[in-house]
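Reader: Can you walk me through this one? I'll ask as I go.

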Amino acid sequence: MASVDLRGLTKRFGSLAVVDNVSLKIDHGQLVCLLGPSGCGKTTTLRLIAGFLEPSDGEIHVGERLVSSKTRTLPPEQRNMSMIFQSYALWPHMTVTENIVYGLRLRKLDRDTIAKKLAAILATTKLEALAQRYPGELSGGQQQRVALARALIVEPETLLLDEPLSNLDANLREEMRFEIRRLHDEYRYTTVYVTHDQSEAMTTADMIAVMNGGRIDQLGTPEDIYARPESEFVARFIGASNVIKGTARDANHVAFAGATLKVVGAPLTPGQGAVVAIRQHDIGLATQAPASPENAIKAVVTRQVYLGVARDYMLEVADGTSLRATAPTETNVPKGSEIWLTLPPERCRALSR
Amino acid sequence: MKGRRLSRRDVLQGSVALAAGTVFASPARAQAPEPVAVTPALVEAAKKEGKLIYYSSMDLPVGEKLGKAFEAAFPGITIQIERSGSERLFQRIDQEFASNIRAADIVNSSDASHFISWKKNGWLMPLVPEDVAKHFPESYRDPDGMFATSRVWLSSIAYNTNLVKPEDAPKSFADLLDPKWAGKMVKGHPAYSGTIMTATFQMVRELGWEYMEKLARQRVMQVQSSTDPPKKLSLGERAVMADGNEYGIVLLKEAGQPVEPVYPTEGTPTISGPTGIFKTAPHPNAAKLFQAWLHTRETQQFFVDFTAQYSVHAQVQSKPGRRKISDIKLMKEDAEGVEKMAEEIKTRYARLFRV
Amino acid sequence: MTITTTDTPKRRIDVTRPVLWLFAAFMIVLIVLPLSWLVVFAFTDKARRPTLQNFVTLFTDPAFLDPLLTTAIIATTSAVICCLVAAPIGWLVSRTDMPGRQTIRALLTASFVTPPFLGAVAWELLAAPNSGMLNQLYRYLTGAEDPLFDIYSLTGLIFVISCYTFPFVFVLVANALDNMPGELEDASAILGGKAWTTARRVTIPLALPALVAGALIAFLQAMTLFGSPAILALPAGFHTMTTKIWSLFQYPPKLELAAAAAVPLLLLTMLLLQGQKFLLGRRGFSVVGGKYGAPRPIEMGGWRWAALAFCLLVLLNPVFLPYFALLNAAFSPNATTLVTPSTATLHNIVFVFTELSSTQLALKNTVILGASTATVGTILALVVAYVTTRRVIASHRLLGFLATAPVAVPGIVLGVGLFLSYTRPPFVLYGTLWILLLAFLTINLPSAYQQLQAAFATIHPELEDASRILGATRLQALRQITAPLLRTGVIATWCFIFIGVMRELSAAIVLFTSQTKVLSVLIYDLNESGDLAAISVLGIAMLVITFAVVLAVNRIPMFGGGAGARLRNS
């Protein structure tokens, strides 16, 4: 059982804490995404797990084994991990085969075993025809598959991926996303996946850890993160959310722009400021006042763009707050018109942070 | 210095008439060891060592020829010649001894005063070759047997016959101060060459520092070794040699090069080059053999014939057709004087000639 | 594919850090020890009591001030001349359609191989005021009395130094221009910049750092050079700082003054290196971002032949004329007389190889030292460059500094420092080849380090990380991944050091003994006694050896000849 357990992990460069007291337990066989904008500390966390960096504080356990602490760090080569790098890091002086079997050679496996494993991984990654090529002679997607094959052939306890798809074009990216998940399901190693692309995280991860400023902002299943953001940061970063700032009336009502919104999510303290998130496509638009006044707000269209699948509206409510909404193309309201917004209560999430 | 103007010309017996003025002052009690001859036992012991390292300031082709003659006489022993200006050799030997490096077996310096220092330091091994005991004048051998003068040569004036007509050629050191020679002369450097050190000492003693001061204003081309000026002269790089090895000039002239020596009327500086063995020689037997062999009549004769230098060996004849040293007015040697004045000469010379 | 047991690599102790610390300690001993002794000697008297008297002597005696001034003049003029000559040639070779560009580049690069002292001797043969062949020819053609050019003069020395220094500047400038993408010039052109404006506003400013670096290198070279001045300055009747320092080692040695005389050179170098940083500031000069195509060569029309003529004319001076003179002297009975079939003689060659008893020893020592210094130096520079580019240990900055520091120390001064360090316990190395190895190592380390550091910078660190995470130790990763990728750089560095050893005279002249003589010292000694023909033979032999070794090294199968092509796309 090789779970990966980060306990109070901290990495400081000078006085700057790039990773700040991160605790995260990844069960064996789970695929966890570290998701966040650049500079949030996700790659540093990954490199700490890999052993390329020593923590300033905290510990990393893999299974029963303490692999990193302030005083002792197991070097990367002794961690039985594999990693796929943003640049793929294929060795240009070695053929595809040489690249792939490198790790097995280090493990001093016999020739036959190596040949068997190589054949298997080449088949899995559809690289048979390219085995004798040099990396310089491969396309981006092929290089990516070589990197995968190289990392997987050693059957690591833990697989680390650092933005593995960022150098691919959109179509290939989509395809490889599922490929990574498929291989993960096939081999069931513990996987840590670093990305800044939320849809990549959504489609591949069992759990997502959204990172911001060196901390884990929210940890949850893709659905948790998407549907139930806990912080303004997560709400904004994941999907397209409007964040509304009003005043709590009671535990689940917020006064905003002359209306009262019924909300779900974190319980509110009456009289205090409240932050509410609602997704752009959850906002209903109508030219007539809705039948039920509940959670309805009047607004003015300040911009409207035709997107093909939908229309993108920029709206301004009475207190000057701008909201964005996505509506079906048939809802066509010209700029400057008055419009009624319906914010369904079950979609209005009060945020705890 | 000028007051001591000594221009004695003593006539010696034999072929090599040389000033009998004592090069080295004899101490009261001389205890030279028993003379050594070239015996089969010595040859055997030397061959076992198989090698000889010879520090010398002799002109390279000349020195190497001597080495080849030794190798031919005693097959199985190779000789490695370390040629450099004597003053540089002196510095290097000093440096090597200070660092406990005992590389040199035997040394021949063109600055006889070096042997005073080495003897004082106790670095030399006493050895008197049979011929030295029998045929060398006392003034040319150390009473304790630490060294003997293997060769004598001169530092003369010379000119390139293509560039200077005989009647225009300088006759004396004084002539070199003529403005017409400005920028046309070449000379060696006393901080590098023992020959030039010895010659400069004698010239300063005879002519005074004023002479050097005036010479320095003549824009003389300055080279290092006393073996170089004859070569620069024969290339035609300069018309006149203000000092340098006379034997180099004689050999070049004999080889058909357009050079001609001039023995200045004030007297020609005379240099004797002693040879001695280091106590710490890594190949002591080879060194002893070389020392014994070098001073035999045969070697000395051979040496005189092909190097155009002079020998103090009583039985050595000068080569027919060459000028006899007894016909040349010489300046007197004074190794102890050189030893006392070496530092001053280097400093003052560097100031005058700016190099 | 089935999953069986996980193949955990066996636990092993990571020896990397101790090894790295060992290297660091070695570097510190290598560089700090001699420099410390120098400082001690500069600031003490014979009895090692602290004093400033050495500097007082230095700065009040014209015998020291004159060489200082002379050296400043030589260094400045040489640097200016080098830039003026190297910049246009670099541009012509790199950015235009001049014919024979590759040949010119190869010849200029090859002229690195010429040791400055050999070049000086060759120019003695050519331009000694009376016997020099060029001056003879000039007199013959014009009937003039005065020589055309006197090599035994300050101008002559500056000329010879420039001849053998400007290739350094050329290589820097040409490489900078090679790496500058054509789009940058195109971008200026498309915005309406005329050819000259483009050159002035884009090309020249982008090449400026290389030019400044080149000027600096030329200045430092000229300032610290010993070989050429040792051969030309004495007959010309003046001293430079290096020949003055050398004369201070003569009997009786004044080591304190020599050490003190090195201090101004040291300070000036440090100042210049700082000045370069300040001058270039933080402006981005390294080309950033994007993919670039090869630059468009500028079409020169009829001027291309004039340009070629110019390049060949320049090349006469460091390459064609000197080698002609050396070859002539090697076969001629009289070094400066034009050899004819009837006068041609093998006497000089026979003399050098059969009679001259030091030849074989010097050849053997030089080749041994060249190969071992190049090997050890490359490994050392490799490790230091690795540590500094990958920031492996905390003190990587210090290591980088140590590896660059010898740049500031003239070879002859380093020679004394090493002499002082290694003639006393615990390291008694004087009289062995080891001390020369240390000297050559120290002297060549800065350039080797910088070359390999640049090579490292082009290798993505993730390539090593990928190997580590798959189970390789740091040293394994270095050996299996980094080293092969650095192949070209490593070979170039090895050859560079080897050539550096062949060229080196200034430290060797202080450190050699009869048993540890090298070719450069032998040549210097032969020059002292005026044996120019023997020098010519030895000099040519030296070049043949160098080229043979360089060619051989480039063919060693261990370095996988032909792998270069595979690297092109990555």
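Reader: How do strand 12 and strand 13 of chain A pair, parallel or antiparallel?

Author: Strand 12 of chain A, residues 253–256, pairs with strand 13 in the antiparallel sense. Four bridges join them. Keep in mind that this is a predicted model.

Reader: Which residue stands opposite A:Val254?

Author: A:Leu261, in strand 13 of chain A.

Reader: What sheet are they part of?

Author: An open sheet of six strands in chain A, in the order 13-12-11-15-21-14. The pairing is mixed.

Reader: And which strands are at the edges?

Author: Strand 13 (259–262) and strand 14 (264–265) of chain A. Each of these pairs on one side only.

Reader: Staying in chain A. How many residues sit between the strands in the hairpin of strands 4 and 5?

Author: Two. A:Gly63 in that hairpin takes a positive phi near 60°. Strand 4 covers residues 57–62 and strand 5 covers 65–68. They are antiparallel, with three bridges. One bridge pair is A:Ile60 with A:Ser68 of strand 5.

Reader: Switching to charges. How many salt bridges over all chains?

Author: The count is 50. One of the pairs in chain A is A:Glu179 with A:Arg182, with the closest N and O atoms 2.8 Å apart.

Reader: Why are A:Glu179 and A:Arg182 separated by about one helical turn?

Author: Because they are three residues apart in helix 5 of chain A, which spans residues 170–187. Side chains of opposite charge can pair when their charged atoms come close.

Reader: Now the chains. Which pair has the most contacts?

Author: Chains B and C, among the two pairs of chains that touch. Chains A and B have no contact. Their closest C-alpha atoms lie 48 Å apart.

Reader: How many residues are in contact between C and B?

Author: 51 from chain C and 47 from chain B. Together the two chains bury about 4000 Å², 48% of it on carbon and sulfur atoms.

Reader: What does C:Glu528 meet in a salt bridge?

Author: B:Arg83, side chain to side chain, at 2.9 Å from N to O. Between chain C and chain B the count is six salt bridges. There are also 24 residue pairs in polar contact across that interface, with both residues at pLDDT 80 or more.

Reader: Which helix of chain C gives the most residues to that side?

Author: Helix 24 of chain C, with five residues. Helix 11 (227–236), helix 15 (347–355), helix 23 (508–511) and helix 24 (519–528) each supply at least two.

Reader: And by class, what is on the side of chain C that touches chain B?

Author: 24 nonpolar, 19 polar and eight charged residues.

Reader: Last topic, chain B. What is the strand order in its open sheet of five strands?

Author: It runs 10-9-11-8-12, with mixed pairing. Strand 10 (221–222) and strand 12 (259–262) of chain B are the edge strands.

Reader: How do strands 9 and 10 of chain B run?

Author: Parallel, joined by two bridges. Strand 9 is residues 185–187. B:Val186 stands opposite B:Met221 in strand 10.

Reader: Which strands does helix 9 of chain B lie across?

Author: Strand 8 (157–160), strand 11 (240–241) and strand 12 of chain B. Helix 9, residues 246–254, runs at about 145° to strand 12 of chain B.

Conventions: Residues are numbered from 1 along each chain as its sequence is written. Chains are lettered from A and ligands numbered from 1 in the order in which they are written. This is a predicted model: local features need pLDDT of at least 70, side-chain atom pairs count only at pLDDT 80 or more; totals for chains, interfaces and linings use all residues. Side-chain values use heavy atoms; hydrogens and water are left out. Two strands pair if DSSP finds at least two bridges between them. Contact means heavy atoms within 4.5 Å. Axes are lines fitted to C-alpha atoms, for helices over the stretch in contact, and angles run from 0 to 180 degrees between N-to-C directions. Buried area is the accessible area (1.4 Å probe) that two parts lose on being put together, summed over both. A salt bridge is a side-chain nitrogen of Lys or Arg within 4 Å of a carboxyl oxygen of Asp or Glu. A polar contact is a pair of N or O atoms within 3.5 Å; within protein, one must be able to donate a hydrogen and the other to accept it, and residues adjacent in sequence count only if both atoms are side-chain atoms. Ala, Val, Leu, Ile, Met, Phe, Trp, Tyr, Cys and Pro count as nonpolar, Asp, Glu, Lys and Arg as charged, and the others, Gly among them, as polar.
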